[in-house]
Amino acid sequence: MSKKPKNEILHDHNGDGIDRRGFLECMAWAGTGVLCVMQGGVLKSFSMSRIGKVDAKKMAGELSFVQISDSHMGFNKPANPDVAGTLKAAVDKINGLVTPPEFMLHTGDISHLSKPEEFDNVDQILRGASAKQVFYVPGEHDVLNDDGKQYLERYGKGTKGAGWYSFDNKGVHFMGLVNVLNLKAGGLGTLGHEQLEWMEDDVKHLKSSTPIVVFAHIPLWSVYPEWGWGTEDSAQALAYLKKFGSVTVLNGHIHQTMQKVEGNVTFHTAMSTAFPQPAPGKADSPGPMKVPAEQLRSVLGITEVNHVQGHHALAVVDAPLG
Amino acid sequence: MMKGRRVWIAGLAAAMIAMVLLSAGSPNGAANTQQAAPATVEVKIDNFSFGPATVTVAVGTTVTWINRDDIPHTVVSTDDPKAFKSKVLDTDEKFSYTFAKPGTYPYFCSVHPKMTGTVVVK
């Protein structure tokens, strides 16, 4: 076994026109905010500072929403002793966006220890956002001790199984998946047979031109299996989405931005609003990364997503809190 | 490391026997030798791993896991049905389980399943 797979995200062998240099350029901007736009299979990146000068109408599109992730309410260790404060800063950032988002996706780890008061606190802070509707999927920190019972009671109304669901907005089909339950020793995230069957059925009748957005906590691509940063049965899930011309996969869990484009699928992970984690393999473990206080907000952030009808894919913009 | 512990336990047992012999006149002496001091073994959770990953203990030993990470973990038996299952352990929290029967007990952290360990009870 070669140790090379650690770097697999840095290489693209899919013949989709995204070379290593282009990807790295995109990554390099991530820390300061970046806009990655896919147009006709070509990845274009702009720094956040330029966005004001770029044609705002082109960016806005018909649908704009925001992804936030990994709030870890209740965490109070040195990496960030004030996760409520940084979540509020994320809300301020959302409220300051040029295009007000229609809704938010929260890709899990809402709480740190699944405590009711932690969920309450997040709910209360997010009520301050201009976008009133929040679509959640659970992280492993939200389903501690009770296999997700409390999570389902709070956020699972109208969902299937352990909390998965789909909805449509302006012609885009959204699928919220759960891959943090029934984890097996030594394994990665898991969707499970029942959820996969539901997925297959859910997309069966959709036209292949329907843009698809899939969101789940643990990455649905192999970011770094050594740290559990991947999902065992994601290949099966993606197989059901093969016919679609535009698939955007939004994940959290790894507390840093990463992007990979594979055919018609764009994979993207969001920053946390609570604390950063090290780059794959760059530390002994994936534990919280401690950074100087004045740098903390530059490694936390939100992700803005725009969909322009007729365009090949969605535009995904990462914006740090400070 | 395990050898050292066994030697230590053996030493402890010898010391106890000596004490019992010294107090041979006491009517409870015989009963005390039957209830050898309960052994305890500690497994530290640090850097997303169990240390040591494998511990070998005598029947009746209590294993205590202590979380020294700044992220919560769990200690959950891999067997079906589960031999033991901790609640989530935040930093510095502990979980103990006493192994009454011989066997091999694999376990993992159900939050971070890449973290695995084994308790061998002889």
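User: Which residues point one way from β3(A), which the other way, and are they buried or exposed?
Analyst: In this predicted model, A:Leu63, A:Phe65 and A:Gln67 point one way from β3(A), while A:Ser64, A:Val66 and A:Ile68 point the other way, and all are buried. Buried here means that 20 or more other C-beta atoms, placed from the backbone, lie within 10 Å of the residue's own, and strands are DSSP runs of E with at least two residues, as helices are runs of H or I with at least four, numbered from the N terminus.

User: Why is strand β3 largely enclosed?
Analyst: Six of the six residues of strand β3 (residues 63-68) of chain A are buried, so the rest of the structure largely encloses this strand. As for the two directions, side chains in a regular strand alternate between the two faces of the sheet.

User: Which strands do bridges join to β3(A)?
Analyst: Five bridges join β3(A) to strand β12 (residues 301-307) of chain A in an antiparallel arrangement, with A:Ser64 opposite A:Asn306. Three bridges join β3(A) to strand β4 (residues 103-106) of chain A, and these two run parallel; here A:Ile68 stands opposite A:His106. Two strands pair if DSSP finds at least two bridges between them.

User: How does the chain cross from β3(A) to β4(A)?
Analyst: The chain passes through helix α4 (residues 83-95) of chain A, and this β-α-β crossover is right-handed, which means that, with the strands pointing away from the viewer, the path from the first strand over the helix to the second runs clockwise.

User: Switching topic, what is the strand order in the open sheet of six strands?
Analyst: The order is β6-β7-β8-β9-β11-β10 (chain A), with mixed pairing, and the edge strands, each pairing on one side only, are β6 (165-169) and β10 (258-262) of chain A. Within this sheet, four bridges join β7 (residues 172-176) to β8 (residues 212-215) of chain A, which run parallel, and A:Phe174 has A:Val213 as its bridge partner.

User: And how many residues of chain B are in contact with chain A?
Analyst: 18 residues of chain B are in contact with 17 residues of chain A, contact meaning C-beta atoms, placed from the backbone, within 7 Å. Chain B itself has two helices and eight strands, and from the N terminus on its elements run α-α-β-β-β-β-β-β-β-β.

User: How are residues numbered, and what does the predicted model need?
Analyst: Residues are numbered from 1 along each chain as its sequence is written, and chains are lettered from A in the order in which they are written. Because the model is predicted, local features need pLDDT of at least 70 and side-chain atom pairs count only at pLDDT 80 or more, whereas totals for chains, interfaces and linings use all residues.

How values were computed: Buried ≥ 20, exposed ≤ 12 C-beta atoms within 10 Å, placed from the backbone. Contact = placed C-beta atoms within 7 Å.
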